[in-house]
Amino acid sequence: MWLGENFGVALKALAEAIEPSRPALVHGGRTVTWGEFDSRTDAIAAGLRARGLKPGDIAGQMLRNTPDYMLAYFSCIKAGLSPVNVNYHYKDRELSDICQRFGMKALFAESDFVDAARSAAADGADVIDVSGADWEALQQTELPADFEIHSDPKALFLTATGGTTGMPKAVMWPMIEAWQAFSVSVWQRGFGEPPFVATSLEAQVEEAAKIGPEHPASTSPMIVLSPLMHGAGQFTAVIHLLKGGTLALLPSEKFDADTAIDEIHRLGARGTFIVGDAFALPLADRLDARGDGAEKLASLRQIVSSGAVFSAANKQRLLGHHPQMVIIDALGSSESSGTAVTITTAAGSTGGGKFSALPGRETKLFDEDLNEIKQGEDGIGVVARAGPLPLGYLGEDEKNAKTFPVIDGVRYLMTGDQARWAEDGSLDFLGRDNMCINTGGEKVFPEEVEAVLMEHDGVEDARVVSLPDPRFGRKVVAVVKADGADASELEPALDACAREGLAGYKIPRLYVFTKGSLRLNNGKPDYKTAQRLADKVDT
């Protein structure tokens with residue numbers, strides 16, 4: 001039974017079947033065709049081997065969203081190296097730490113990161129400037145007569161994660177497990193129709209060759225707006241390419257909503273990938289201000305999101321500009337890929353906005369003692385799933401035992417997502433367990449409170465943190481960035497909004513207003529800044 005393939009083997013098979021001139025990677029005015037994608041990654045792989053790099057060696061990618069990211073990624077896989085994403089915002093200490101702990105033997109970097117990379121890399125590690133002559137030379141490497149790409153379907157790629165809750169950890173994904181977890185062989189048809197599932201590499205290739213960018217069922221070009229240096233964006237890009245698609249990347253160093261809107265229109269993009277409200281909020285703001293959403297988004301069939309909360313309010317704002325598109329909001333992580341999904345259209349959301357577990361995952365809820373909370377039972381638990389899983393974290397035996405426990409003979413991933421069962425069997429997602437606030441013995445999940453607050457028109461963004469309370473241990477605090485509203489008028493309105501939508505113990509006891517950003521450079525929620533602002537008011 002065929003379960004998947006080595007990514008490099010799949011890439012070559014796809015390239016041999018797809019029209020060589022079909023675009024594989026698009027970045028502004030730069031295009032890499034499928035024929036070039038295959039030949040260049042062959043050459044780079046041969047060049048890496050010639051430098052003494054061996055199968056199993058780990059190679060980091062400290063790269064922005066350009067074609068070079070995917071060229072480096074698939075070249076490593078063809079050479080048998082294990083690629084790993086490296087956050088280019090890291091400072092010297094953080095970069096040195098992961099270079100050492102991950103044992104990197106090579107590091108691809110942009111020109112403005114090269115000095116930091118060379119300083120942090122271990123002695124003898126190869127630092128490759130993808131803006132320089134060295135990178136060009138690698139792409140011109142002459143293939144040896146006996147050149148063959150690495151073909152082991154169990155070869156690993158690594159995904160660095162967890163930097164917001166401690167030092168980053170590397171998730172070890174065997175490609176064959178990821179192929180199944182990512183549903184690479186599953187090809188969606190129309191609504192109500194069963195998907196086509198490829199049962200061989202030949203069938204996968206045949207389908208990819210047939211569904212080109214002009215095919216009615218194509219989701220290409222797919223423009224990935226989130227950073228490839230994060231698992232969500234990287235997974236989406238890899239999945240799309242393993243289906244023979246055209247991957248488009250934003251021609252700017254940082255996310256810019258206006259550029260994204262214009263690129264969707266210029267490319268005739270059919271799909272786009274974002275990370276929740278971090279991208280949805282600025283997109284909705286600019287679409288509201290511009291008033292040209294119907295024209296600019298006309299080609300767009302779907303918005304896919306994962307990795308962060310995507311509020312119902314912002315989904316509706318985007319759909320208001322293009323009611324014909326579909327919004328797919330996936331609950332997932334670097335350790336799980338997808339676990340559950342909700343689909344939203346102008347007509348409404350599946351499960352009333354709650355998440356439905358993906359098939360083939362054996363999704364369950366467990367309490368803190370690893371007792372199962374069955375459907376129909378009351379209680380909040382951690383979402384866990386079996387099925388195709390990574391090996392664990394590189395060099396983290398203690399963490400692996402907690403995150404991947406064996407329960408009744410089945411190995412599960414404890415995702416860290418807290419949820420309860422809804423009456424219809426869907427999952428009512430509450431938030432991440434590491435952000436949970438315990439107030440008077442009750443659990444409050446920041447994301448749930450934030451979603452209610454952000455439904456108010458006067459709120460641009462909100463983070464929920466906590467402060468000590470003599471009676472309840474902790475009290476809920478909302479740190480709010482107002483959208484031009486007067487704070488003195490907004491606070492009572494927010495309190496009324498919270499009381500209407502939340503249980504009493506979840507209502508913020510204190511509101512702190514700020515004009516500054518409540519998000520990190522990568523667009524994710526900045527709880528450290530919010531906590532610092534709350535602490536300052538409390539002192």
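Visitor: How are H1 and H8 oriented to each other, parallel or oblique?

Guide: H1 and H8 are oblique to each other. Before we go on, this is a predicted model, where local features need pLDDT of at least 70, side-chain atom pairs count only at pLDDT 80 or more, and totals for chains, interfaces and linings use all residues. Residues are numbered from 1 along each chain as its sequence is written, and side-chain values use heavy atoms, with hydrogens and water left out.

Visitor: What are the numbers for H1 and H8?

Guide: Helix H1 covers residues 7–17 and helix H8 covers residues 201–210; their axes come within 9 Å and cross at roughly 45°. Helices (H or I, at least four residues) and strands (E, at least two) are DSSP runs, numbered from the N terminus. Axes are lines fitted to C-alpha atoms, for helices over the stretch in contact, and angles run from 0 to 180 degrees between N-to-C directions. Angles under 35 degrees count as roughly parallel, over 145 as roughly antiparallel, 65 to 115 as roughly perpendicular and the rest as oblique.

Visitor: Which residues make that contact?

Guide: From H1 they are Val9, Ala10, Ala13, Leu14 and Ala17, and from H8 they are Leu201, Val205, Ala208 and Ala209. Contact means heavy atoms within 4.5 Å.

Visitor: What else do the buried residues of H8 pack against?

Guide: Besides H1, they pack against helix H7 (175–181), strand E9 (186–187) and strand E10 (196–197). The buried residues of H8 are Leu201, Ala203, Gln204, Val205, Glu207 and Ala208. Buried means under 20% relative accessible area, exposed over 50%, and partly exposed in between (1.4 Å probe, protein chains only).

Visitor: And how do H10 and H11 pack?

Guide: Helix H10 (residues 257–267) and helix H11 (residues 277–290) have their axes 9 Å apart, at an angle of about 75°. H10 and H11 are therefore roughly perpendicular to each other. On the H10 side the contact is made by Ala257, Asp258, Ala260, Ile261 and Asp262, and on the H11 side by Pro282, Leu283, Arg286, Leu287 and Arg290.

Visitor: Switching to cores: how many residues has the largest nonpolar core?

Guide: That core has 98 residues, and those with the most contacts inside it are Phe7, Phe37, Met70, Phe74 and Phe108. Helix H3 (residues 67–79) gives the most to this core, with nine residues. A nonpolar core is a set of buried Ala, Val, Leu, Ile, Met, Phe, Trp, Tyr and Cys residues joined through side-chain atoms within 4.5 Å.

Visitor: What does Phe108 touch?

Guide: Not counting residues up to four places away in sequence, Phe108 touches a list that includes Leu48, Met62, Leu63, Cys76, Ile128, Val130 and Trp135. A second, separate core has 24 residues, including Leu95, Met104, Ala117 and Ala160.

Visitor: You mentioned Cys76. How many disulfides are there?

Guide: Searching the whole structure finds zero disulfides. A disulfide here is a pair of cysteine sulfur atoms within 2.5 Å. For Cys76, the closest cysteine sulfur is in Cys99, 14 Å away, too far for a bond.

Visitor: Is Cys76 buried or exposed?

Guide: Cys76 is buried, at 0% relative accessibility. Cys436, at 27%, counts as partly exposed.

Visitor: Now the backbone: which residues does the cis peptide bond join?

Guide: The bond joins Ser220 and Pro221, with omega about -10°. Pro221 sits in the loop between H8 and strand E11 (222–224). As background, most residues other than glycine have a negative phi, and most peptide bonds are trans.

Visitor: What about phi of Ser337?

Guide: Ser337 is not a glycine, yet its phi is positive, about 60°. Ser337 lies in strand E16 (residues 337–345) and is buried at 13% relative accessibility. Leu370 also has a positive phi, near 65°, and lies in the loop between strand E19 (363–366) and strand E20 (372–373). At 37% relative accessibility, Leu370 counts as partly exposed.

Visitor: Last one: where is Val476?

Guide: Val476 is in strand E30 (residues 473–482) and is buried, with a relative accessible area of 2%. Val464 is twelve residues away along the chain, and the two C-alpha atoms are separated by 7.0 Å. Leaving aside neighbours within four places in sequence, the contacts of Val476 include Val444, Val464, Tyr505 and Leu510.
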